[in-house]
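This briefing covers one protein chain, topic by topic. Please read it alongside the sequence and the structure shown here.

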Amino acid sequence: MPAIFCCLADLRKVCYNDPIMKNYIIFDLEWNQSPGGKENSVDRLPFEIIEIGAVKLDGRFCMVSEFHRLITPTVYSQLHYKISEVTHMDMEVLRQEGDSFVHVIRDFLEWCGGDFWFCTWGSMDLTELQRNMEYYHVDFPFERPLYYYDVQKLYALARGDVREKVSLDKAVEELALEQDRPFHRALDDAFYTGKVLQCMDHQLWEPYISVDYYRVPEKAEEEIYLKFPTYSKFVSRAFPTKEEAMEDKIVTDIVCPRCKRMLRKKVRWFSLNQRQYFSLGICPQHGPVRGKIRMKKGERGGFYVVKTMKTVDEEGVRSLFEKREEQRNKRHVRNDIKKVKEMFGRPV
Ligand SMILES: [Zn+2]
């Protein structure tokens, strides 16, 4: 088992010495979508929450409380077949036992209390929670930026490859946790997510906080800088176009994640698909630093940037040069096609 996992007994020993301890609210949502597909989907609410389940862990990672409520839908009056298949939920039960979203969210936030970290499996639940709140005009009581723990990401980090996201079922199986509850219902999934979190070494995962992207910074002063043990991250405000984002100096700066030096670029920013951009800077003290930009569509229009900067080894530099080579070849092909078009004055 990788080193980041530890036994719960060790974890508690560590926590008892720490006087400032927030609670952890681990929640999971089930939602419905238009049974008639995209055409009949409501733009502002593609996923309507029908169930909220959550467990509360105290600062010593003991489960101290549970929350579970059903919500009577008002937007989609039938369950999408996939939703009923996966969750085994029934519209009749939701109508009889559910409450309105506004009531449930009010009770949920009250149950959460004052000082806590949200934890979820993946990043979607926090987005959809906020989208539903916005749809029903419920105020956001959360601080901005909203930091949380993505337990799926923490688990991937613990397994040694952050890009390989595994399902909750698989994580529970890999950790040999008791499977005495079903999966794919909100409270059970929140419970299992809490169990997975309990199995990991708090001191190792604690720095790897995630930041919510539902509400990105509105102005330059609100832009977010995060430093992790092995890389740094920057989240920009939204720009009207991708080009304008890539013209911004702060967006395109490369800073060494270890000594914060502003670096000279060895490779200027380039992109293969206009979604990801790469660049390479050289730190005189720490060697090559790879910059990577993910261009993302803002919820309220425009584009914002998530930039990571990471020191890389020889293999990392080689892979970046290969990508640039690929981009140059693509560009040559594009230019050739353009020339042929011009020659014939018609599409080729
Ligand atoms: Zn450096």
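His-184 sits in the loop between α7 and α8, and its phi is positive, near 70°, although it is a residue other than glycine. The model is a predicted one.

**Backbone geometry**

- Most residues other than glycine have a negative phi, and most peptide bonds are trans.
- Lys-260 also has a positive phi, of about 65°, and is not a glycine.
- Lys-260 is placed in the loop between α11 (249-252) and β9 (264-271).
- Lys-260 is exposed, because its count of other C-beta atoms within 10 Å is 11.
- The peptide bond joining Arg-144 and Pro-145 is cis, with an omega of about -10°.
- Pro-145 belongs to the loop between α5 (124-135) and β5.
- Gly-160, which comes just after α6, has a positive phi of about 105°.

**Helix α6**

- Helix α6 spans residues 151-159, and its buried residues are Val-151, Gln-152, Leu-154, Tyr-155 and Ala-158.
- Viewed along the axis of α6, these buried residues fall within an arc of 160°, so they line one face of the helix.
- The packing partners of the buried residues of α6 are strands β4 (116-120) and β5 (147-150), together with helices α7 (168-174), α8 (186-198) and α9 (202-205).

**Tyr-192 in helix α8**

- Tyr-192 is part of helix α8.
- Tyr-192 is buried, because 25 other C-beta atoms lie within 10 Å.
- Beyond its neighbours within four places in sequence, Tyr-192 contacts Leu-168 and Val-172.
- Tyr-192 and Asp-169 are 23 residues apart along the chain, and their C-alpha atoms are separated by 8.5 Å.

**Nonpolar cores**

- In soluble globular proteins, nonpolar side chains tend to be buried together.
- The largest nonpolar core here has 46 residues, and Ile-26 and Cys-119 have the most contacts inside it.
- Cys-119 touches Tyr-24, Ile-25, Ile-26, Tyr-148, Tyr-149, Val-151, Thr-193 and Leu-197, leaving out residues up to four places away in sequence.
- Another core lies apart from the largest one and has 13 residues, including Val-216, Ala-245, Phe-278 and Met-295.

**Sheet**

- Strands of a sheet pair through backbone hydrogen bonds, either parallel or antiparallel.
- Six strands form an open sheet with mixed pairing, in the order β3-β2-β1-β4-β5-β6.
- Its edge strands, β3 (63-70) and β6 (210-211), each pair on one side only.
- Strands β1 (residues 23-33) and β2 (residues 47-57) run antiparallel and are joined by 10 bridges.
- Ile-49 in β2 is the bridge partner of Trp-31.

**Domains**

- The protein chain is divided into domain 1 (8-211) and domain 2 (220-334).
- A distance of 31 Å separates the C-alpha centres of domain 1 and domain 2.
- Domain 1 contributes four residues to the contact, and domain 2 contributes five residues.
- On the side of domain 1 that touches domain 2, four residues are nonpolar, with no polar and no charged residues.

Note on methods. Residues are numbered from 1 along each chain as its sequence is written. This is a predicted model: local features need pLDDT of at least 70, side-chain atom pairs count only at pLDDT 80 or more; totals for chains, interfaces and linings use all residues. A nonpolar core is a set of buried Ala, Val, Leu, Ile, Met, Phe, Trp, Tyr and Cys residues joined through C-beta atoms within 7 Å. A residue is buried if 20 or more other C-beta atoms lie within 10 Å of its own, exposed if 12 or fewer, and partly exposed in between; C-beta atoms are placed from the backbone. Two residues are in contact if their C-beta atoms, placed from the backbone, lie within 7 Å. Helices (H or I, at least four residues) and strands (E, at least two) are DSSP runs, numbered from the N terminus. The arc is that of the directions from the helix axis to the C-beta atoms. Domain bounds come from an automatic or database domain assignment. Ala, Val, Leu, Ile, Met, Phe, Trp, Tyr, Cys and Pro count as nonpolar, Asp, Glu, Lys and Arg as charged, and the others, Gly among them, as polar. Two strands pair if DSSP finds at least two bridges between them.
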